[in-house]
Amino acid sequence: MNAVSAIINTSALVHNIEHIKKLVPKSKIIAVVKANAYGHGLFLVANTLVDHVDAFAVARIDEAISMRNKGVQKPIILLEGFFADEDVELISNYNLTTAVHDKEQVEAIEKARIDKPISCFFKINIGMHRLGANKDEIEELKQRLNACKNVVKPLGLISHLSVADTAGLEDYNNEQIEYFHKIAASFDGDLCLANSAGILSWPKSHTDWVRPGIILYGISPFADKCGYDHNLEPVMTLKSRLIAVRRVKQGDRVGYGAAWRAERDTVLGIVATGYGDGYPRNAPNGTPVLINGREVPTAGHVCMDMLFVDLGPDSKDKVGDEAILWGDGLPVEKVASRCGTIPYELVCHIMPRVNVECI
């Protein structure tokens, strides 16, 4: 019996992408599968979505090459671009599309000796200040790329919204969208702007291409909502089991550092999940776990391989009963909020020893 399993629901994944397509009927879909498809399994997700999307996007070139080597033929976009001059030849050989966001990348493309030109999205900075050409760089770099024989024409344009998911910054988000469209007026190629939050809430950001990420996996990008609020279904359910059930007396101190003290006589459950599986070490007392249809609170520090839950004095739970850490019945957004983090981090932190099952 596996101690911890991540159950990946491919039907939910298909439901989510089909719902997303209804929200952006005039746009092509780039499925973002970076970071092992947000912890859900790169090849499992890619194989499930290959007939439902128009392209894929990753962060690193090794992710893209591994997809090509596994037979994925759809366009693959490098969202961060490339990190070394020699990568340009790989991009050409593996028929990848790259973001180009600075002068050094432009120079690498210009001097590359390749037989086949590469497809590019020119990336501009519209407010994130992470990657992308600034206002005073755009015209020069655009002209150089358009003049370069190593670049497929027409040149695309891409950027990233930094506050589309942030309440109270709607004006700044509108400024970013308007600035992108202003720059786009001088481009003939395809445009790509909307991320998950843009798809859900900012129709003005819907361009030729949109790139859903977290919403593919049934998770909301907004801090005050869960996936089901957007008609999305959770794709990952992280499950474990009770491996011990024990009674404690009022006043008993529990776990490392005696971080929890029983306020009453109660029953503790020991769940075979810990930070060695990717469950957050910083989960505070009271973080919910779903056991036998009810939420029970964690009690004490999360251990490497186990955690404590307070089952209550009238518990009838027994060894072997299933514990859902997040997913179907317990939104990962709710767990993340209690832990002071975002759901992206939780699903991306699933460790290799966790058994992955596909349903």
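Trainee: Which residues does UniProt list for "active site"?
Mentor: In this predicted model, local features need pLDDT of at least 70 and side-chain atom pairs count only at pLDDT 80 or more, while totals for chains, interfaces and linings use all residues. Residues are numbered from 1 along each chain as its sequence is written, and side-chain values use heavy atoms, with hydrogens and water left out. UniProt positions are in the numbering used here, feature names are shortened, and annotations may be inferred rather than shown by experiment. The unreviewed UniProt entry lists Lys 34 and Tyr 256.

Trainee: Is Tyr 256 buried or exposed?
Mentor: Buried means under 20% relative accessible area, exposed over 50%, and partly exposed in between (1.4 Å probe, protein chains only). Because its relative accessible area is 58%, Tyr 256 is exposed.

Trainee: Which class does Lys 34 fall into, buried, partly exposed or exposed?
Mentor: The relative accessible area of Lys 34 is 30%. Lys 34 is therefore partly exposed.

Trainee: Which residues does Tyr 256 contact, leaving aside neighbours within four places in sequence?
Mentor: Contact means heavy atoms within 4.5 Å. With those neighbours set aside, the partners of Tyr 256 are His 301 and Cys 303.
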